[in-house]
Protein chains: 2
Amino acid sequence: MQQILDFLTARQDTALHELCQFLRIPSVSADSAYIPQMQACANWVLQAMTDAGLQATIYPTAGHPIVYGERLVDPALPTVLIYGHYDVQPPDPLDLWTTPAFEPTIRDGRLYARGATDDKGQLFTHLKSIQAWMQVNGGLPLNVKVLIEGEEECGGVHLDDFLKSHRELLRADVAVVSDTSQYGDGIPAITCGLRGIVAAEVRLRGPAKDLHSGVYGGSLANPVNALTRMCGALIGPDGRVQIPGFYDDVLDLTVEERSGYASLPFSEADFLKEVGSGAVFGEQGWSTLERRTARPTCDINGILGGYTGEGPKTIIPSKAMAKITCRLVPRMTPQKVLDGLESFLRAHCPPGIEFEFRRFHGCEAFVFDPTSDWLVAAKRAVETAFGQPPVLFREGGSIPVVLSFKQILGIDTLLLGWGRNSDNLHSPDEHIHLQDFHRGTRASACLWQELATVRPAR
Amino acid sequence: MQQILDFLTARQDTALHELCQFLRIPSVSADSAYIPQMQACANWVLQAMTDAGLQATIYPTAGHPIVYGERLVDPALPTVLIYGHYDVQPPDPLDLWTTPAFEPTIRDGRLYARGATDDKGQLFTHLKSIQAWMQVNGGLPLNVKVLIEGEEECGGVHLDDFLKSHRELLRADVAVVSDTSQYGDGIPAITCGLRGIVAAEVRLRGPAKDLHSGVYGGSLANPVNALTRMCGALIGPDGRVQIPGFYDDVLDLTVEERSGYASLPFSEADFLKEVGSGAVFGEQGWSTLERRTARPTCDINGILGGYTGEGPKTIIPSKAMAKITCRLVPRMTPQKVLDGLESFLRAHCPPGIEFEFRRFHGCEAFVFDPTSDWLVAAKRAVETAFGQPPVLFREGGSIPVVLSFKQILGIDTLLLGWGRNSDNLHSPDEHIHLQDFHRGTRASACLWQELATVRPAR
């Protein structure tokens, strides 16, 4: 094992150089203008898999392509399915980046670029660790299957189709995903729970065109007023979501879980400094950590209507639009939440406004069994690379693929995050600490050794 | 008089050609990018005044220039102050114009361009009628002073400064403004009341940057949720403005006024077809005509926050903004309404959100004395040109200058509208009917004759 770790240390600069190539490709999946770059990025991943010693193939889908590679050693040994996504969030607002989103730049021990931590930088650690095993040992201690998709950031539906139609190809004992974070700086974590999500867009149309607000004001419903009325009613002054039945199915934290939360190091002052805000706010009766990870939410992600340029413009706008996501916790069902959201918004819509509700993706929350041998093995690998045992923690984000792996392939997922919550994922100046990239790669190398010792329950 | 009208008829094509030159200048006052075009437009107006036989001058201001011209005949005769504005609303949304906003085009007896009816096309009728008097009669039957400003559409403050510092220059017995509309197609109107207005912008800032809605959702206030909450509370389900005290000072319509409203021709079906909407909506207890013209309003003119591109983006936005205008009726005071609006919004602002409230312009409502000799004279002029007597009616829009003339110069304003509410003012495909432009010019020519017969009360 030491030989492999030494090999990785000697090749750190090469690995970084290759990661920068990966980050230079603007693989924005949500915007159809980037389709050629998505294909180029899939090709790049294919080559990186081949270089790592995997047999790799690109599978086209009706959306963005999936890249798959494998190296099978012995069917008696454990088989691990490694997942990542090569697509990234849109880079805007562009003017808030210190250096351009797709020109990777190193400053102060960090590598800045869209995708640096979510998820290119993290998934790449697994390809580099496999390559090290191959080059040093000439083989791997277990069977690996690597699946890298391109629709994670846009709620694409084609991965699930692929999983369903390739169950045999993807058969494995456990999945590994590095798309989460450490608990704190240098405090590694294994994420044993994730919130689910639903996403939707509401579009309103009032008069056929923008109207003079003096000549017509008072005579008919203004779609921006209507939109703010319906969206503004979503959260009460107590921070609770007002959709009827929203909390009915929520699995509340147990007393033990709340004790565990209370014992984690957390400074509200540091948190507020990190996000640049003056105060926390949210559902009454729950701590900030609990609200972030174990309570459901309803956030408006974007809103647009009418005149938004300089100065006043005295119009009644013709239309308005808002994008909304809800984070779900265990036992909540996406369909029911979307139905409740749509009914709630419709109920607040005045006469004369056309109401359109578009549903994007949705997935349930996920909780991992903390007694699993896979989890214990993974803890050892992380401890070796980070020098301390990982915290078991829930994350607030959603990784729909974890639920798909459970439902379609019947396997649990080890969520091993090398990055940090402060890495600006989904924001301007996204980055990864070079230290995290390198120790993540070492932890990944140790992981194959540790997981190889687990006896799969087949 | 007939000679003058014949002269105008013979020169219709020339007048239209000149108006098209005027409309080609993109004099958008709200956007500082158009400053050179504003200057060019002022120069054009100066030349048009000179061509009409006026002694004309450009007065620079700290904002956009004012153009002034006069022809003084005899101090014993009435002096009329004619007002117009050469600036126009921003042309966007550009993609909804059939032909470009600043390329005047005639289709189906209408001239399409931004400013065609508001206000270049209407103010130009007065310059052409003066020119006709000068060329046919070699002089005018009364003293005229013409004031054309460039900040009407952006709530500029410099006109009032100019009025205050040029009281002697502008001394007059009555003002004439053509910036309103006929009551209906071919039913001329003299507007004897206008609503006032206040305009403001609210800006909210939450976290220092956009945050991942999974990682941070639930922990702190989302500025778009906050903005929709505060703005959405402005109008109740009964259509009434919810700001405490908003209606306290409102001068309700009298029983006689309500009877007058009820007797005006008005088809709700035609109205809905005109605006392209499926239903009317507004303050309960008042008819649509009453709500449009004699009741106060609160409209959001524009809203923006977070991600507004294609597909979902799972963020908590960093900031959000909305533009709001309220229309005021007699006895409401702008300052009090703005104070109430600001307090109301602030009261709905959750912790951790920075609140900024920007105040734009404001003006009170206006009501004209229906027994005035000036009004009776103007009715005769309009009847001559349109073939039927004008309806006396209130308009829903605001013309701040009317109030300034009253307060600073001590004179009432005759609001003689040649255009139509259906002319798409402030919207794409703004236009003026050629017929309205020509009969407006004839009514203006008659007006000088009629007003000359009134004995001024000095």
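## Chain contact and domain layout in a predicted model

Strand β11(A) and strand β11 (residues 297–306) of chain B pair in the antiparallel sense, with five bridges between them. Within this pairing, A:L304 has B:L304 as its bridge partner in β11(B). The model is predicted.

The contact between the chains takes 86 residues from chain A and 85 residues from chain B. On the side of chain A that touches chain B, β11(A) gives the most, with eight residues. Elements of chain A that give two or more residues to this side include α6 (223–232), α9 (288–293) and β13 (319–328).

Chain A is divided into domain 1, covering 2–194 and 365–451, and domain 2, covering 196–250 and 296–363. Taken over C-alpha atoms, the centres of these two domains of chain A are separated by 35 Å. Seven residues of domain 1 of chain A are in contact with 11 residues of domain 2 of chain A.

In chain B, helix α4 (residues 120–137) has 18 residues and should span 26 Å at 1.5 Å a residue; the end C-alpha atoms of the helix are 26 Å apart, so the two values agree. Of the 18 residues of α4(B), 14 are buried, and the helix is mostly covered. B:G138 follows α4(B) and has a positive phi, near 75 degrees.

Terms used
Residues numbered from 1 in each chain as written. Chains lettered and ligands numbered in written order. Predicted model: local features only at pLDDT ≥ 70, side-chain atom pairs only at ≥ 80, totals over all residues. Domains from an automatic or database assignment. Contact = placed C-beta atoms within 7 Å. Helix = DSSP H or I, 4+ residues; strand = E, 2+ residues; numbered from the N terminus. Expected span 1.5 Å × (residues − 1). Buried ≥ 20, exposed ≤ 12 C-beta atoms within 10 Å, placed from the backbone. Pairing = 2+ DSSP bridges.
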